[in-house]
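Subject: Structure handover

Hello,

Here is the structure I said I would pass on. My notes on it follow below.

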Amino acid sequence: TEGINPALIENAAKMAGIPVGPLTVSDEIGLDTAYHASQQRKKDEGAAFTPSPTFLLVEKLAGELGRHGRKNGKGFFDYAADGSKKLWPGLAELFPPLDPQPTVDEIKARMLYAQLVDAAKAMAEGVLIDPADGDVGSILGVGFPAYLGGPFSMMDTIGIATVVAECERLAACYGEHYAAPQLLRDMAAKDQTFYGANRVTPPAAAR
């Protein structure tokens with residue numbers, strides 16, 4: 001929706017070590033599935049609902065244009081009878097390309113740091129009580145790059161203070177959903193990690 005080239009999105013994901021590009025995954029699961037889920041959320045939240053760019057994208061592609069993904073031969077990609085696919089040219093008409101395009105490294109950072117933030121939030125909110133569960137689950141469940149060891153291992157390797165600084169940069173450029181949760185800020189101040197001798201005690205475990 002920001003005008004980033006779909007091919008850049010797919011290729012940057014693969015270059016980051018994500019097994020399957022996000023647009024491919026969306027088509028395989030079905031954009032109609034995402035559409036029905038988002039419409040139910042809109043109904044459930046009522047007046048409190050605020051449409052996100054993703055909601056509007058899915059509403060346009062699946063709801064209005066009938067592009068459901070591989071199951072009906074058209075989604076982010078167009079699918080031929082022999083199973084081959086190519087990106088749908090109409091995406092460029094719906095979302096005019098940025099000029100210039102962002103770098104591959106910037107797209108990789110956005111993809112990975114969005115997951116780091118969500119992982120830290122899951123720990124802070126008690127959804128996870130052990131970083132190992134989050135690391136294994138992210139790799140086997142959602143395709144987080146295995147060579148990075150999972151989001152918590154990645155944050156320990158980079159350094160929590162460095163992660164927080166990059167989250168602040170991304171949040172300033174792209175929105176508060178990249179902002180580092182308080183857990184990471186506290187860990188950076190105390191020089192804590194998720195693993196090792198100076199590991200943080202997850203809030204849920206402390207209770």
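A disulfide is taken here as a pair of cysteine sulfur atoms within 2.5 Å. By that rule, the count in this predicted model is zero disulfides. Cys167 takes part in none, as the nearest cysteine sulfur, that of Cys173, is 12 Å away. Seen from Cys173, the closest cysteine sulfur is that of Cys167, and at 12 Å the two are too far apart for a bond. Cys167 is also buried, at 1% relative accessibility.

Salt bridges are another matter: the count comes to ten. I describe some of them here.

Glu2 and Arg110 meet through their side chains, with 2.9 Å from N to O. Glu2 is partly exposed, with a relative accessible area of 41%, whereas Arg110 is buried at 11%.

Glu64 pairs with Lys60, the closest N and O atoms being 3.1 Å apart. Both residues belong to helix α4 (residues 53-64), and because they are four residues apart there, about one helical turn separates them. Glu64 is exposed, with a relative accessible area of 54%; Lys60 is partly exposed at 29%.

Arg67 forms a salt bridge with Asp78, and their closest N and O atoms are 2.6 Å apart. Arg67 lies in the loop between α4 and β1, and Asp78 in strand β1 (77-79), eleven residues apart, so the pair links distant parts of the chain. Arg67 is buried, with a relative accessible area of 6%, and Asp78 is partly exposed at 23%.

There is also a network of salt bridges that links Glu106, Glu166 and Arg169.

On helix packing, α7 (residues 131-142) and α8 (residues 151-158) pack at an angle of about 110°, and their axes are 7 Å apart. That angle makes α7 roughly perpendicular to α8. The residues that meet are Pro131, Gly134, Asp135 and Ser138 from α7 and Pro151, Phe152 and Ser153 from α8. By class, this contact has three nonpolar, three polar and one charged residues.

Last, Ile9 sits in helix α1 (residues 6-15). Leaving aside residues up to four places away in sequence, Ile9 touches Ile4, Pro22, Leu23, Ile107 and Met111. Gly83 is 74 residues from Ile9 in sequence and 21 Å from Ile9 in space, C-alpha to C-alpha.

Regards

Definitions and conventions. Residues numbered from 1 in each chain as written. Predicted model: local features only at pLDDT ≥ 70, side-chain atom pairs only at ≥ 80, totals over all residues. Heavy atoms only, no water. Helix = DSSP H or I, 4+ residues; strand = E, 2+ residues; numbered from the N terminus. Contact = heavy atoms within 4.5 Å. Buried < 20%, exposed > 50% of the residue type's maximum accessible area, 1.4 Å probe, protein only. Axes fitted to C-alpha atoms, helices over the stretch in contact; angles between N-to-C directions. Parallel < 35°, antiparallel > 145°, perpendicular 65-115°, else oblique. Nonpolar A, V, L, I, M, F, W, Y, C, P; charged D, E, K, R; others polar. Salt bridge = Lys/Arg side-chain N within 4 Å of Asp/Glu carboxyl O.
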